[in-house]
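Please open the structure in your viewer and have the selection tool ready.

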Amino acid sequence: PVKKGPSHRLAVRHFEPPPATASSGSKLIECESALGVYEAVLSNRAFLGIVLLEQADLGVLPAAKQLFAQYPLQIVAELSDAAADRAAGRTRCVVVCKRNALPPPTGRDKTMLLLGLLDAPGNLAAALTSFTTHGVNVSYIQSSAAPPGSGAQVAFFIELAGHARDTAVAHALAELQPLAAFVKVLGSFACGAPDRDALLGAATSPSSTRG
């Protein structure tokens, strides 16, 4: 499923079934909200969901971060609109699905995570130092209010170069644990345009789904 708007345009471009296979049961479903997209995937009415992550100069949208914090779906790909980027600022969506485990590293991966830091002096500097020490490039970081009841003072949405199973990234993430109320890896996936058939196959395999 996909919410109407920019995410729908990107979904059509990347995921609309070819005419020859449109009758096989694979189709796009429009939802009224990002929450509706999540609910469709969680209830098994859809294998994949596409939600708007970032638009224009607004940064990562608060609604997206709330969904990431609250629900167990995994981010398995990223979509961007180069034409829209040039015209009106950066537009990005993410593809989510049910998976029990991260896909294997490809050597050209990106990891997205939520980090909730404990209220202690120097915790943010120490967290960033963990990435620097292990040579992990932090390509994006944005702060937001911590989820209620999480125990964190503040939360950060972070994008890293590399896969969570890569040695350097895994060591950096381990070093965050004493500083954090929570560290939630949202997904590790290959950079670049996603392979529609591969994503659908992973989302529909028995080992990928959770009840």
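**A helix with two sides**

Begin with helix H5 and select Thr132 and Thr133: these exposed residues lie on the face of H5 turned away from its buried side. Please bear in mind that the model is predicted.

Next, select the buried residues of H5, which spans residues 123–133: Asn123, Ala127, Ser130 and Phe131. Why do they lie on the same side of H5? They cover an arc of only 95 degrees around the axis, which puts them on one side together. As a general rule, an α-helix has 3.6 residues a turn, so residues three or four places apart point the same way.

Now display what covers these buried residues: the cover includes strands E6 (109–117), E7 (138–144) and E8 (154–161), as well as helix H6 (167–176).

Remain on H5 and select Leu128. Leu128 is partly exposed, with a relative accessible area of 33%.

**A buried arginine**

Finally, turn to strand E5 (residues 91–97) and select Arg92. Is Arg92 buried or exposed? Its relative accessibility is 2%, so Arg92 counts as buried. Which side chain makes a polar contact with that of Arg92? Select Glu78 to see the partner, at 2.5 Å. Beyond its neighbours within four places in sequence, Arg92 is in contact with several residues, among them Leu52, Val60, Met112, Tyr140 and Glu159.

Note on methods. Residues are numbered from 1 along each chain as its sequence is written. This is a predicted model: local features need pLDDT of at least 70, side-chain atom pairs count only at pLDDT 80 or more; totals for chains, interfaces and linings use all residues. Side-chain values use heavy atoms; hydrogens and water are left out. Buried means under 20% relative accessible area, exposed over 50%, partly exposed in between (1.4 Å probe, protein chains only). Helices (H or I, at least four residues) and strands (E, at least two) are DSSP runs, numbered from the N terminus. The arc is that of the directions from the helix axis to the C-beta atoms. Contact means heavy atoms within 4.5 Å. A polar contact is a pair of N or O atoms within 3.5 Å; within protein, one must be able to donate a hydrogen and the other to accept it, and residues adjacent in sequence count only if both atoms are side-chain atoms.
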